[in-house]
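Keep the structure open while you work through them.

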Amino acid sequence: MAYNYDIPFHVDLTDRVALVTGGNGGIGGMFCRALAACGATVIVLGRNLERCRMVADEINAGGGKADAIAGDVTDEAAMLRVKEEIGLDPVYGARPLKRLIQRQVVDNVANLIIDGQLHEGDTVKVDVGADDIQKEFDLNMRGTWLPSKVMTPLLIGQQGACVLNVSSMSAFTPLTRIPGYSGAKAGVSNFTQWLATYLARSGVRVNAIAPGFFMTEQNHALQFNPDGTPTPRCAHIVDGTPMRRYGELRELIGAMLFLVDERAASFVTGIVLPVDGGYSAFSGV
């Protein structure tokens, strides 16, 4: 029985292995399910093993193939342990790691988004805590670079191998109130291009998706008031998106499947693909 999940089109990932970091989150879990629906063996990686197992158990119960591993993408020792588990476990030994899907999830993002500018008379003060900035860079930039450093050697020489990062539209144009996140995601985009060039002759493709504005549990409180009415920020976002709406998470799946499919994107590497309802194309006038 094949695992059944709503995907826009099917690509054949049979006998491929996908490591999804942050696979216990909303977007990461969705990617796990979509990859499993295409026949991949999915390794759900995250800091919370119980939540990772919930995703893996759902996939296995539905006829797919998945396993869960706990690990912190900012901890090199943890990533080396994960690499060893993948390399030595007989479940994966017969299936070389051919798909590395790299996903960073900002846990409790609402608690990390702070006002970046406070006006005091005629003075503008940038009031962003150093710890907050460091936290954003550790999770997003280091959490992208470190798994790549540790895991990409497993991909060398594997037919159709690829890395897929998740950047953000704030990497192109920084958003107010989240300078740390925007800066870190700009680093993710830049690193994606660097790694693509570095690995190009090895046959490993490296790309990224840059989501625009999607409604998630993490950002809902920032976009809507307790009574359900949109905040001014929410209205501003919709007005700045030509399609005049937020994206639905499932609308990221098609871009992900396109970029991981060797037949569809065999000559595509080093790109950061916006999925943003036209936000990046709109000047505001």
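Predicted model: local features only at pLDDT ≥ 70, side-chain atom pairs only at ≥ 80, totals over all residues.

**Exercise 1.** Work out how α1 and α10 are oriented to each other.

*Solution.* Start with the two partners: α1 covers residues 26-37 and α10 covers residues 253-260. Their axes come within 11 Å and cross at roughly 55°. As for the hand, the α1 and α10 crossing is right-handed.

Next, look at who touches whom. Met30, Phe31, Ala34 and Leu35 make the contact from α1, while α10 brings in Ile253, Met256 and Val260.

The spacing on a helix has a simple background: an α-helix has 3.6 residues a turn, so residues three or four places apart point the same way.

**Exercise 2.** Is α1 mostly covered or mostly exposed?

*Solution.* Take buried to mean under 20% relative accessible area. By that cut-off, 11 of the 12 residues of α1 are buried, so this helix is mostly covered. Among them are Met30, Phe31, Ala34 and Leu35, and Arg33 is on the buried list too. For the chain as a whole, 48% of the 285 residues count as buried.

**Exercise 3.** Check the length of α1, then see what follows the helix.

*Solution.* From first C-alpha to last, α1 reaches 17 Å, close to the expected 16 Å. Just after α1, glycine 39 takes a positive phi of about 100°.

Technical notes
Residues numbered from 1 in each chain as written. Heavy atoms only, no water. Axes fitted to C-alpha atoms, helices over the stretch in contact; angles between N-to-C directions. Helix = DSSP H or I, 4+ residues; strand = E, 2+ residues; numbered from the N terminus. Parallel < 35°, antiparallel > 145°, perpendicular 65-115°, else oblique. Left-handed = near helix turned anticlockwise from the far one by under 90°. Contact = heavy atoms within 4.5 Å. Expected span 1.5 Å × (residues − 1). Buried < 20%, exposed > 50% of the residue type's maximum accessible area, 1.4 Å probe, protein only.
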